[in-house]
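Here is a walk through a two-chain model, one piece at a time. Have the structure open and follow along as you read.

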Amino acid sequence: MLEFLPDIISSLTNPINLLLMCAGVIAGIIVGALPGLTATMALALLLPFTFTMQADTSLITLGGLYIGGIYGGCISAILINTPGTPSAIATTFDGYPMTKKGKATQALIAAAVSSGIGGVIGGLALLFLTPLLATLALRFGPPEYFWIAMLGLTMIATLSSGSMLKGLMGGAVGLLISTIGISPVGGESRYTFGFSPLQAGLELIVILIAFFCIPEVIGMIESKIKQKKNKEVKKERGVARKLFFYIIKRPILVIRSSIIGIITGIIPGAGGNVAALLSYDAAVRFSKDKKEFGKGKVDGVVASEASNNAEVGGSLVPLLSLGIPGAPPAAIILGALMMQGIRPGPDLLEEHSGLVYTFLVAFIVANVVMLIFGLMGSRYVGKVISLPVYYLAPSIVFLTIVGSYAIRNNFLDVALMIGFGLLAYVMKKVGFNPAPIVLGLILGPIAERGLAQSMLMAKASGNTFELFFTRPISVVLIALCILSIVGPLLSTIFRSKSKIDEEIQG
Amino acid sequence: MKTKWLALVFVLCGLFVLGACANSAGSTEDPEDYPSKKITYSIPFDPGGQSDVEARRQQPYLEEALGQSVVIQYKPGGGGSVGWTELVDKDPDGYFLSGMNIPHIILQPLSNDDTGYETEDIVPVAIVQATPIGIAVSKDSDINSLADLVEKAKANPGSVTAAGSGTYSGHHLAFLQLQDLAGVEMQYIPFDGAAPSVQAFLGGNTEVLFANSSDLVKYAKDMKILAIGSEETFKPLPDVPTIKAEGYDMTAGIDRGVAVPPGTDPAIIAKLEKAFLDILDEPGVMDEMYAEGFEPKKMGHDAAVEYIATKKEQYSRILEEVKGN
C-alpha cells in the first residue's frame, strides 16, 4: 500500500477532488434527509456526470455522496420519525423520542459523531481487512441467510415495547405482506388479486413512510387541535463536546455496533437497515437500563448510526474483492467503474491498486468531512421542528407523497402509502408498535429465500439436518437465536424468583 | 376537526398535481417532424445494472443522432414486468422507449396469468447486444467438460445442484433445455438475480453455475467454464466450446434491445431503429462491449419481431413440458 502513497496524496490534494468530495457529502446529506429519496437514487442521478471525470475523481465524488446519503437519513428519522433512508429505521426508536423531549440537537450531534466514528471504522476495515472479509462473505450461503433472518426476528422481543403478543402479531403481519409479489423461488404471483402492478411487491420505503411518518403527522395535527404546543428545542452550550466525550467513553458500544455494521455490510442482500436493527437490539440487550431505550436514550441513536455507517464500508468489501455489490448503492458504484472501462472483479485490487487505495483513503477522509458537516448542520437543522404545525404537517405530507412516488416512479406507491398510513394510525391507536411489522417486512424475503433455497439444496444432498444445523456460521447464529429467546425468559424467571425470596424473607 | 380536513385537502391536491405530471397528453404530430421534444428512455430495472450501463452508453449517441435530449428513468419491479406493463399503456408517439430483455418479455406472460402485458404488445425497435449463457463449475471440480457433467448427473439423478437467477428466467430455461436434451435430472436453485447466484456458487453452495457471459468473463480465472450458449465461439472466451459443439442443439442467452408501445408509426420506428443500430458502428463501441463480456448484435425491427416469435414458440414448448410433468 505504501508504494501508492504518492498517488494517493496527489489525488487527495487535488482541489477539484476535495471540492467534489465535499459537494458529494453535502448533496448526499440533503438527499438522504428527504424521505423517499435514497442514496441509491442520488448516486444514479450523479452517475452520468461522472462519465467524463477522471476515474479517481468519479469514485471520490460517488463515495462522498454514498456516505452523506446514509448519514442524512438520520436527520428526518430524528426530527419527524421518518427514516430518510431505510438504514435509519432504528434511529427513529430513540431519536424521535429525544426530539419529543426537546433534545433534537443532542440527538443530531450524537448521530453525526457516531456516524463519523462508525464510518471511519468501516473504512479502516475496508482498507486493511478486505481479503479476509471477502472470504467471510463467501461463507454466507442460503442456510446462513435463513438463520440471520431468524436471529433478526427474535428482535421482536426487544422492539414490541409493551405487549409481546401484539409484537408477535405485528411481526406476522409484516411477514405476510412481504410475500406480496412474485415469489423468489417458484416464480408464481402471490396476493396480487390479478392486479399486475402488485407483482413487484411492496416497496420498503413506502411502507416505512406509511408506518412511521403518517401516524406522527396525524398525531401532530391532533395535538395542535388540543392546543398542545410542540416542545421548543432547548439551547445548551458545549453540547457537542459533552456528547463527543459521552460517546468516546463507551468504546464497547461504538465498536460493537461498527463490527455488526461491517459484517452485515459484507453479506450481499442484508443492508444498512438490518445492520442498524441488529446493533440496536444488541445495545438494548447489553445495557443495564433496558427500560430507558425507546424513550429517548442517546445510546440507541449511537448504536444505530455507528452501525449503519460502518455498513457502508462493509458493503464495498465484496464489490472491491469479488465484483459483487453488497448493497444497492454499491451496485451503482459498480456501474460507475464499468463506465470508466474498469471491470470490477476478483482482479480489481491487483490491476488497479493505485486507484482502489486512493478511493479507500478518500473514503475515510470523506467520513471525517461528513462528521464536520453533520456537526455544523445539527445546530440549524434541529430548528425545523419548532415551525408551527400548520406549516410543518403539510410540508411533511407533501414530502412523503413526492418521496413515495419518486422511489419507483410509481403512482400506485402513493396510494399504498396513504392506505397503509391510515391503517398504521389505527393500529397505533390500539397499541401496535410499527417496528415489528416493518421488521417482518424486511426479514421476510431473506428468510423465505434462505429457507426455500436450503430445502432445494437439502433435497439434492439428501441431508437436511447437516445443511441446516452443522455449518459453522449457522451454528453460531443458532446459538445467538437461542440466547436471544431464552435469555430474557431466564432473567424474568430469575427476577421473579428473587422477588418471591425477598417476600418470603421479608 | 377543520385542520384535519385541511390536511386531507392538501393530500388530495398533491395527488392531483402528481397525477397531472404523470399523464402529460400526447400530441398528434407528423412522423416527419419526429422527434421534436425530449424522449424518455425507461429502464425496467434498478440503476447500475447491465441494462442501465447499455442505456448510458447509447445516450450521448442517441442525443446526437436524434437531435433531442434523451432522459433515462428507472421503473424497477417484478423482474421488469412493471416497466413493460407501463410501456404497453403509453401513448405510441415515440417519446417513450423502454429497454427490452429477451427471454423476460416472453417468459413472464407465459408463466403468470396476471402479467400486465402480452409479448406481442411490446414492439421491438432493435436488439443491440446479448450475453450468451454459459455453464461453469468450480476450479477444483473433478468435472472438466460438459460431457463429464452430464455423466455425473446421469449417475446421480437429482443430486447435482445448479445456481442461476429466478424461476422461469433465461438461466432456468437454459437449465431445463439442457436437462431435456441430455436426458438428465439435476436440481436448480434459483437466486434473486445473477450476482447473488455467482456469490453462492463461489461460496461452494452449488456445484454448477448458469451465468451471463459478462459475469463469466469477470470470473474466468476462478471457475472452469464448460460451455457457452452462443451460436459461434464467443470472442472474449475463445477457448470455451459452444453448447452446440458439445453435442446439444441449443443456444441460450439474454438479448437486450429497445421497444416502443403498440401502434407506434412505422416511420418513427424506422428512425429509432437507425439511431440505435448506428451506435454499433461508432468507433470503439463494439470493442467496449466485447471487453465487458457482451456480444454486439445488430437486429432491426423486422428481424427482432421474427426472432421473438421463434423464441416464444420454443419456450412455450419447454414450459409446457415442465408444467405438464
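## Two domains in chain B

Let's start with how chain B is divided up: the assignment gives domain 1 (36-129 + 255-324) and domain 2 (131-253). Domain bounds like these come from an automatic or database domain assignment. The C-alpha centres of domain 1 of chain B and domain 2 of chain B are 26 Å apart. Where they touch, 15 residues of domain 1 of chain B and 19 residues of domain 2 of chain B take part; two residues are in contact if their C-beta atoms, placed from the backbone, lie within 7 Å.

On the domain 1 side of that contact in chain B, helix H4 (104-111) and helix H11 (301-324) each supply at least two residues. H11(B) gives the largest share of that side, with 4 residues. Sorted by class, the side of domain 1 of chain B that touches domain 2 of chain B holds 7 nonpolar, 4 polar and 4 charged residues. The sorting goes like this: Ala, Val, Leu, Ile, Met, Phe, Trp, Tyr, Cys and Pro are nonpolar, Asp, Glu, Lys and Arg are charged, and the others, Gly among them, are polar.

## Before you read on

A quick word on the model and its labels. This is a predicted model, where local features need pLDDT of at least 70 and side-chain atom pairs count only at pLDDT 80 or more, while totals for chains, interfaces and linings use all residues. Residues are numbered from 1 along each chain as its sequence is written, and chains are lettered from A and ligands numbered from 1 in the order in which they are written.

Helices (H or I, at least four residues) and strands (E, at least two) are DSSP runs, numbered from the N terminus.

## A covered helix and a covered strand

Back to H4(B): how many of its residues are buried? The count is 7 of 8, so this helix is mostly covered, given that a residue is buried if 20 or more other C-beta atoms lie within 10 Å of its own, exposed if 12 or fewer, and partly exposed in between, with C-beta atoms placed from the backbone. Among the buried ones are His104(B), Ile105(B), Leu107(B) and Ser111(B).

Strand S9 (residues 253-260) of chain B is mostly covered too, with 8 of its 8 residues buried. In a regular strand the side chains alternate between the two faces of the sheet. In S9(B), both faces are covered: one has Gly253(B), Asp255(B), Gly257(B) and Ala259(B), the other has Ile254(B), Arg256(B), Val258(B) and Val260(B), and all of them are buried.

## Who pairs with S9(B)?

Two strands pair if DSSP finds at least two bridges between them. Strand S3 (residues 96-102) of chain B runs antiparallel to S9(B), and 5 bridges join them. Look for Met100(B), whose bridge partner in S9(B) is Gly257(B).

Strand S4 (residues 123-138) of chain B also pairs with S9(B) in the antiparallel sense, over 8 bridges. Here Thr131(B) stands opposite Ile254(B).

Pro35(B) belongs to the loop between helix H1 (2-22) and strand S1 (39-43) of chain B.

Is each one buried or exposed? Tyr168(B) counts as buried because it has 25 C-beta neighbours inside 10 Å, whereas Phe193(A) counts as exposed because it has 8.

## Chain A and the meeting of the chains

Finally, the two chains meet: 59 residues of chain A are in contact with 53 residues of chain B. The chain A side divides into 36 nonpolar, 16 polar and 7 charged residues.
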